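This report describes a single protein chain for a reader who is new to structural analysis. Please keep the sequence and the structure in view while reading.

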Amino acid sequence: MNTCDAKAEMLIRSSAQRCFDAFVNPDTIVKFWLAKTSGPLRQGATVTWHFMVPGAEHTVTVTAF
């Protein structure tokens, strides 16, 4: 089985709750990071992220928050 772990860091001048909500809400994340997502992030969800680079996509499974 192939696994992929990713870690990203950036300084965001906003509350932790507002940042969390931006990543889990499809209507918000497409405004700054993704071109499209197949659904919201929630425990146990599997979604496909379509990045702004044509053809770049990845299926994400949420295992923990």
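## Burial and the predicted model

A residue counts as buried when its relative accessible area is under 20%, as exposed when that area is over 50%, and as partly exposed in between. Val62 has a relative accessible area of 10%, and therefore it is buried. The model discussed here is predicted.

## Overall architecture

The chain contains two helices and three strands. Followed along the sequence, these elements give the pattern α-α-β-β-β. Along the principal axes, the C-alpha atoms fill a box of roughly 35 × 25 × 20 Å.

Of the 65 residues in the chain, 22% are buried. The accessible surface amounts to about 5400 Å², and carbon and sulfur atoms account for 55% of this surface. Among contacts between residues at least 6 apart in sequence, 4% connect residues at least 24 apart.

## The nonpolar core

Which residues make up the largest nonpolar core? This core has eight members: Val24, Ile29, Leu34, Leu41, Val47, Trp49, Val60 and Val62. In soluble globular proteins, nonpolar side chains tend to be buried together.

Helix H1, which spans residues 16-24, has Cys19, Ala22 and Val24 as buried residues. Helix H2 is included in what covers the buried residues of H1. Val24 is also listed in the largest nonpolar core.

Thr37 belongs to strand E1, residues 34-37. Its relative accessible area is 15%, which is under 20%, so Thr37 is buried. Beyond residues up to four places away in sequence, Thr37 touches Pro26, Ile29, Val30, Val47, Thr48 and Trp49. The side chain of Thr37 also reaches the backbone oxygen of Gly39, at 3.3 Å.

Thr48 is part of strand E2, residues 46-51. Is Thr48 buried or exposed? Thr48 counts as buried because its relative accessibility is 19% and the limit is under 20%. With residues up to four places away set aside, Thr48 touches Lys36, Thr37, Ser38, Glu57, His58 and Thr59. Val47, a member of the largest nonpolar core, touches Thr37, Ser38, Gly39, Pro40, Leu41, His58, Thr59 and Val60 when residues up to four places away are not counted.

## Strand E3 and the segment after it

Thr61 is located in strand E3. With a relative accessible area of 46%, Thr61 is partly exposed. Apart from neighbours within four places in sequence, Thr61 is in contact with Ala45 and Thr46. The side chains of Thr61 and Thr46 are joined by a polar contact of 3.2 Å. Thr61 and Val47 are 14 residues apart along the chain, and their C-alpha atoms are separated by 6.5 Å.

Val62 lies in the segment that follows strand E3 (57-61). Which residues does Val62 contact, leaving aside its neighbours within four places in sequence? These contacts are Leu41, Arg42, Gln43, Gly44 and Ala45. Although Val62 and Thr46 are 16 residues apart along the chain, a distance of 6.4 Å separates their C-alpha atoms.

## Surface features

Met10, Ile12, Phe23, Phe32 and Trp33 form a nonpolar surface patch of about 490 Å². Trp33 is placed in the loop between helix H2 (26-29) and strand E1. The relative accessible area of Trp33 is 35%, a value between the limits of 20% and 50%, so Trp33 is partly exposed.

How many salt bridges does the structure hold? The structure holds one. This salt bridge is formed by Lys7 and Glu9, whose closest N and O atoms are 3.4 Å apart. Lys7 counts as exposed because its relative accessibility, 73%, is over 50%. Glu9 is likewise exposed, with a relative accessible area of 67%.

Asp5 is situated in the segment before H1. At 76% relative accessibility, Asp5 counts as exposed. In sequence, Asp5 and Phe65 are 60 residues apart; in space, they are 14 Å apart from C-alpha to C-alpha.

Key. Residues numbered from 1 in each chain as written. Predicted model: local features only at pLDDT ≥ 70, side-chain atom pairs only at ≥ 80, totals over all residues. Heavy atoms only, no water. Core = buried A, V, L, I, M, F, W, Y, C linked by side-chain atoms within 4.5 Å. Buried < 20%, exposed > 50% of the residue type's maximum accessible area, 1.4 Å probe, protein only. Contact = heavy atoms within 4.5 Å. Helix = DSSP H or I, 4+ residues; strand = E, 2+ residues; numbered from the N terminus. Polar contact = N/O pair within 3.5 Å; in protein donor to acceptor, adjacent residues only side chain to side chain. Patch = residues over 30% accessible without salt bridge, like charges linked within 9 Å, V, L, I, M, F, W, Y side chains within 5 Å. Areas by Shrake-Rupley, 256 points an atom, 1.4 Å probe, with all protein chains shown as cover. Salt bridge = Lys/Arg side-chain N within 4 Å of Asp/Glu carboxyl O.
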